[in-house]
Amino acid sequence: MKRIAVDIGGTFTDCFVAWDGRRIHSKALTTHGNLAFGFNQALDIACEKLGLGREAVLANADSVRYATTLGTNALIERKGCKVGLLITHGFESTVPISRGRGYGDGLTQAEKLDLTRAHRPEPLVPIPLIASIRHRIDYLGRVISEIDEDHLRGQIRMLIDRGAEAIVVSTINGTANPSHEYRVREIIREEYPSDILGSIPVICAADVSGRRGEYVRTTSAIIDGFLHTLMYHAMSELQSNLRLSGYHKPMVLVHNSGGMAHLNSTDALQTVHSGPVAGIHAAEAIEKRGGLGNIVAADMGGTSFDIGIVVGDGVKHYDFTPVIDRWLVTIPMVHMNTLGAGGGSIARFDVISNTVAIGPDSAGSDPGPACFNRGGRYPTVTDADLLLGYLDEMNYAGGSIKLSSRRAKSAFKSLCDALNLDLIEVAKLVKRRADGNMAVGLVSELGAKGYNTTNFTMLAYGGNGPMHCCGIAAAAKIDRVLVPPFSSVFSAFGAAGMTQLHIHERAHLTPAYNARARTVLDELQPLNEIISDLEERGARDLLRQGVDPVRVRHRLELDIRYGSQAIETAVVLSKNRFDSQSDILALIAQHRSDYERRFGRNAPAPETGVWITVLRVASFVESEPLDLSALHPEPDQTKKVQPVSHRICHFPGVDDPVETPIYDGRALERGMRLEGPLIVNPGETTHLVEPGWSFDSIGEGGAWITRNTPAENS
Amino acid sequence: MSMETSKGEQSELLRFLESNIAFLAPDDDIMRDHHMAPRSAEEEKVLRDGGDPHLYGEIRRYLQGALDDSFDISENMVVAPGGRFGDMTTALFTASGDHAMASTRGVIGFCSCLHYPIRFVRKYYEDDPSVGAHEGDCFLFNDPFYGGLHTPDQSAFMPVYHEGTIVAWVCIGLHQGEDGAKEPGGMGPAIESPFDEGLKMPPIKMAESYRMRTDILTFLQNSCRDPRMQGADMKMRLNTCMRLEEAVKKVIADYGVDALIGALRQNIEFVADEVKRRIEALPPARVRGQLFLDSTMREDALLRLHLETYVENGKLILDFRGSSPQIGNRPINAPLTMMKVLISMSFLCFVWPDLPRVNAVLEHVELRTDPRTITDCTRDVPTVLSMQVLFKGITLTHIIAAKLYFSARKQYAKIIAPWFNQTMTFLYGGITQHNDHTGNLCADLNGMPGGAHCDSDGEHSMTPNFAAMCDVGESELAEQDLPFVQMISKIFPRDNVGFGKFRGGAGHQTSVAMRGSPLWGFSAIAGGSKFSSVPGLFGGYGSPTYPVCRVKNINIFEEIEKGGGFTADIEHIMNDQPYAEGIYTASRGAMPYELCKEGELYMTSQGAGGGYGDVLDRDCGLVMKDLREGLVSERTVQEIYHVVYDERSLVADPEATRQKRNEEREARKARGIPFETFIKSWVTETPPNHLPYYGGWGSDHGRLFANGAEMRSDDIGTIMMADPRDAHIAQLEERLARLTHKEASDADQ
């Protein structure tokens, strides 16, 4: 195996190389002007560790995989192109209105509640760039009104005259019958053929999503159009850079659906959040290869806390209408819940409840926590960590940032005064509340999917994950924490293990059980025809990328709902065709079982009807997985290690200060066992093992951190 | 001759009276008291020394997560369209029935009144062996006189027991809609009596031992048009209560029951204390305001809602006296409980949105009302559209608070002009294309635009004025379940914003046409067709008025097929009347349910948010942006905003605009008259005879007017309206008589 995986983040470009049994990781600063520079730098560091030159590595690499936050950042910074929208007449204000809730999507709960300060984000498509298509299709795909093409040509010219650099075409009920969208695209091509300079990208909403919901589908297509040109140029630069360095295979991009594909088979929207999703994929690989059972992945950084769920029974958790930045969209994205909590979260006095509250405001990375000494004035979780003795003032983030405890103390003063408590008590309270908040988020997340923390392993990664894992796990009543190998480049590590995958969906409303007529679906041919079509589309995507047809696999999933409920539950089927009514009954039973587990024994309501709403086919090829079998080393009592120093630390629930040993993570060998409290600093992050927990090194920077006395869990 | 009764006799008398009650009617001791209960012995024990606020904060954080999760899950599981778009709430109550916590999202009003039925159950059912209250019981209710908002809302609550004692209650409130009322969807203008309102449930036990009672379920399903929806949503409610009960029990297991009791009670007390501090800090001002309902839902009328606010002995007084008398056969009357709900909604949405969402926000608030008015109606009048009073009341309270807080040293919310406040959409009922019976409402009623801010424009159609983050539905999802095509889903019409220095948000037009049903009809329940619903603030303009428009006797789908086309613009359709055979009508926004034929057009428009400040102060660049976006007409730009611009480039000329505006300011002064002259010409002793006026006139609240008559506020009789059809027949008969007389006269000549 010779793989290179790169995760280009806002600050760092992480690189992971799997090379004939060796596993190397490296980091370099992201170079926003030209991403290739940062990539080259990170790869050069890795190559140096391998003892090979960059050209030699690239010339022999099987694949180069990218996960990137470029699209996410461009969206946040509104750095996309000018998008024009053509939408069914009568729906022109659909996008400006944005489902009502649009003002609050992506904001904190407090911001959502305050109607007097509510504002929608600046639109990606301003009203003057919205034009209409005079036509209409009904929910079954029947044409009510054909396109008024003369009118349409005028509308297209108007959009181009107003400066549209990409056009999104969205028709109502376009998922039931996309022919009008395709005809509009033809007309745009007739007016502005691709061989002239005025030609611009045209995106049909029905191609971006096969789901009903005109606002979310149109918005998905708009974001795709908005990011299209920017992403294309940035990725092309990277591809050129690879070619110049001797890599001539197609570049592979990580998708937020949990798979990856070549550049020519990737929509811009599919790359948004691909970095964190690659992290969850790594968690999935760890579950599958390491036999860990259920995992809750907890990625705690400076400003956010991402939670993902991986369960042993193979149930996949997707979001079908995720919020991306401030926008509600519809794409099948690996489910991930992001809380506004991290090391930069600001602590404040809650005057109403007479206690401390954490966040949602964050000092972020600029100015950062007060102890960064860069102008931050408010007390943060990282400041509390420093005051409690967990952080080394001179050696934070590999020594790249020098911390100031004087600044931290100063920032805490007003909080101490308000609470009438001493500095250490307040710092303990801040840590306990921050950990508690994240634990609540984690428990809620599991609860919403029908799980409790019993039998879950917490996977802790990100800059602050290994430091707060004991506190979070204790509050969530989780006994086992795994700090995975390569936790500091975990998304790149995840990308290295991914497979090529494409998902195609079709909205198709049909009753599996018609409650009024009391009949079970027996017309199975239409379903099978749709499945065949979706499989063909998926196979086409993979074959285009040079995949051997015999390696193509398909996974069939159906979204099912009871009666007119809003919730649709994805059911993964073991077979890809329906042969008889028994298959439908099995589908209904499987849906019931999933639903019951999620929402409770009394929850299923098949008596109101069982509807199939969406058919989805994931087409993929299996590739050789990373070796993750060595996650359970035998404890080796013979291996001893001495701490490099000791520091006075304070722990919530422990009254007195504790002299805590500090270990150099690079000196910890696989199989070594240590008892908390202790601190491990492997270089880029800090592992904090609190009293009552023990530490087992598994090598490559990974460790098991387990509670000595298991929590009583319900 | 009087006889003194001994204590024993008194007790015997009391026992007799208490054991011979024919009907457990709503209890005034419960229903007129919105204050929190005194600390129970358990609460006092836990909180005597202040408790542990840090621990309680941690517990509440967990419970808040549980409430929000339950809300999200319920929103996904619910079938009723209102609930699917956020028209519900989950909540926790103390053992005594005080509202302790609520979900972040949803309609706070549902739980602002749930303490009433909980207290009713505790007082009357708990020790009644025929009912009782036990672990796993779940109660359902909807009657506003036992604490509901209006009958289409059905709320459920469940006691949480610990070692045989109730330690908390968990609840879910939800707009169910269809409930077997005279009009599909549970409400409509044609409801004329409490007995037209469909199901009227005091608290009833819908589940025992966590199992739904099949007899109750079947009875309720049998009493409404959509039994499957009723059943599914009852199941969802039970499930939600069980989920919340589990969360509360987990807190008890993890932290102990005392910590739970402390966390819940302290939240209420903290909010009450904070509200007290905020009231004490208010400026010593007395602020008055009034708004008018412009119809009874069946006929045009001006029904006054009056409010005077001031601080007295540390209490915030909200004096609604001088408001319209109740109308005996119209559904717009509101019980006193509804007025309290509207105040908590308004305060938590627009005045103190930072406070935890609990009913203790009213702890230091007192209401003054006259019984038998639309602000404190009796049980014998219909109330299903009491939200007409609620919507207006929220706006009125909001305006008054904006004035109070304008110069206050500390503001907890931004000062904004009023939100739009009407449910401008259609209710429906009939048989769907899937052969299901149904009746409910279109979710785009939630899309009320926001008022202008003190420093920026208001937001276009977003969320109702009574809740945050309610959603506006997707037309494709509605069309796949319901037999209509949204010919206009969302388009902003011109000039549908409240003008001002900053403009209010725009509302969108909407139009539906039935397709593919054997039996279907629509109704509408909005006011504000003749008299603006929402005023502006500090010189800003209010919202325009909105009719329901119909084009009957056409099939729009056939017209399109014939090449007639369709232009999605109500103004064009109604003014240009493009379909030759069509019968075009524009009527009041409240339209009783009527059957429709395939392809007939029903149209209406969401209203506008109020404007803020003087139109002449609006940045001319913003005016031109509005013009380019189609939000205002050229006439408005020229005649309201007085902006001079180039008609081709649509770029304003700032200097010419400044000059034109100065001219207008001078013209304003020239049009003005001295205040005393105005008062002399304007103020009259009684309302004009031609005006169908209801309520007080001037500042004497003891004197009310209705149906052209004057009455004392403490002696309001029964006020009934004639059946509009009878009134119409009488008009026709009078006309016929006149014509007959004329004919006879002509013949004589």
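**Exercise 1. A strand between two neighbours**

Task: In this predicted model, determine how strand β5 and β9 of chain A are joined, and in which sense they run.

Solution. 
Step 1. Strand β5 of chain A covers residues 83–88, and five bridges join this strand to β9(A). The two strands run parallel.
Step 2. One pair of residues illustrates the link: A:Leu85 has A:Val168 of β9(A) as its bridge partner.
Step 3. β9(A) also pairs with strand β10 of chain A, residues 202–204, through three bridges in the parallel sense. Here A:Val169 stands opposite A:Cys204 of β10(A).
Step 4. As background, the strands of a sheet pair through backbone hydrogen bonds, in a parallel or an antiparallel manner.

**Exercise 2. The two faces of β9(A)**

Solution. 
Step 1. The strand spans residues 166–170 of chain A, and five of its five residues are buried. A residue is called buried when 20 or more other C-beta atoms lie within 10 Å of its own.
Step 2. In a regular strand, side chains alternate between the two faces of the sheet.

**Exercise 3. An open sheet in chain B**

Task: State the order of the four strands in the open sheet of chain B and identify the edge strands.

Solution. 
Step 1. The order is β13-β12-β16-β19, with antiparallel pairing.
Step 2. β13 (437–441) and β19 (590–595) of chain B are the edge strands, each of which pairs on one side only. From one strand to the next, the twist averages 10°.
Step 3. Within this sheet, β12 (residues 427–431) and β16 (residues 520–525) of chain B are antiparallel and joined by four bridges. B:Leu427, for example, has B:Ser523 in β16(B) as its bridge partner.

**Exercise 4. The nonpolar core**

Task: Name the residues of the largest nonpolar core that touch the most other members.

Solution. 
Step 1. The core contains 432 residues, and those touching the most other members are A:Ala298, B:Ala168 and B:Val170.
Step 2. Leaving aside residues up to four places away in sequence, B:Val170 touches several residues, including B:Leu92, B:Phe157, B:Met158 and B:Val248.
Step 3. In soluble globular proteins, nonpolar side chains tend to be buried together.

**Exercise 5. Where the chains meet**

Task: Describe the side of chain A that touches chain B by its elements and its residue classes.

Solution. 
Step 1. The contact takes 64 residues from chain A and 76 residues from chain B.
Step 2. Among the elements of chain A that give two or more residues to this side are α9 (214–244) and α13 (423–448). α13(A) gives the most, with eight residues.
Step 3. The residues on this side of chain A comprise 25 nonpolar, 26 polar and 13 charged.

**Exercise 6. Domains within chain B**

Task: Find how far apart the C-alpha centres of the two domains of chain B lie, and describe their contact.

Solution. 
Step 1. Chain B is divided into domain 1 (53–271) and domain 2 (287–612). Their C-alpha centres lie 26 Å apart.
Step 2. Domain 1 of chain B contributes 47 residues to the contact and domain 2 of chain B contributes 52 residues.
Step 3. On the side of domain 1 that touches domain 2, β2(B) gives the most, with four residues. That side divides into 22 nonpolar, 15 polar and ten charged residues.

Key
Residues numbered from 1 in each chain as written. Chains lettered and ligands numbered in written order. Predicted model: local features only at pLDDT ≥ 70, side-chain atom pairs only at ≥ 80, totals over all residues. Pairing = 2+ DSSP bridges. Axes fitted to C-alpha atoms, helices over the stretch in contact; angles between N-to-C directions. Core = buried A, V, L, I, M, F, W, Y, C linked by C-beta atoms within 7 Å. Buried ≥ 20, exposed ≤ 12 C-beta atoms within 10 Å, placed from the backbone. Contact = placed C-beta atoms within 7 Å. Nonpolar A, V, L, I, M, F, W, Y, C, P; charged D, E, K, R; others polar. Domains from an automatic or database assignment.
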